[in-house]
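My notebook is open and I am ready to look things up.

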Amino acid sequence: LFFVAWDETPAVDQVKDPTVKVTAGSATETTLQFVITTTDATQVAYLVVEGSDVPTATEVLTNGKTADANVNIIIKEEGLKESTEYVIVAAAKNNKATAKDFITMTTKAALNPDGPGEEPEQPEEPEQPVPRYPASPSR
């Protein structure tokens, strides 16, 4: 009898380095929307942090929110502070390497400083009399 065994996982030198790209989307007063695109990854995670410090890829993969690998993912991060700068950092890894990308985005300022749901009072304009024109003579 003759048996042949093989490992179906490619050798490390045949595996491509993972890629990760973060692209800004829309912003509101309390949300940021962005896209994470990855290729050749076995693990993907991201963090949204206030300020300008950028976490390392290891910190993101250890402490971040997991995301699907090798696809474009639209993410909406909620519950953020208005008029605040955030760093969005994503990391991707496989058995060969680790990759990281980041962007900064800022939430919008509140449109109404009195609080949500309340419209600012507008002064009422006095009613103007409707001008009356004489009827045109009929012929």
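I looked up lysine 65 and glutamate 77, whose side chains meet in a salt bridge (2.8 Å, N to O). The term means a side-chain nitrogen of Lys or Arg within 4 Å of a carboxyl oxygen of Asp or Glu. Lysine 65 is in strand S4 (residues 65–66) and glutamate 77 in strand S5, so the pair ties together parts 12 residues apart in sequence. Strands (E, at least two residues) and helices (H or I, at least four) are DSSP runs, numbered from the N terminus.

I noted that this is a predicted model, where local features need pLDDT of at least 70 and side-chain atom pairs count only at pLDDT 80 or more, while totals for chains, interfaces and linings use all residues. Residues are numbered from 1 along each chain as its sequence is written, and side-chain values use heavy atoms, leaving out hydrogens and water.

My cut-offs: buried is under 20%, exposed is over 50%, and partly exposed is in between (1.4 Å probe, protein chains only).

How many salt bridges does the structure hold? I found three. Another one links lysine 81 and glutamate 50, with the closest N and O atoms 3.3 Å apart.

**Serine 52**

I then turned to serine 52, in the loop between strand S3 (43–50) and helix H1 (57–63). Serine 52 counts as exposed because its relative accessibility is 55%. Beyond neighbours within four places in sequence, serine 52 is in contact with Glu85 and Val87 (heavy atoms within 4.5 Å).
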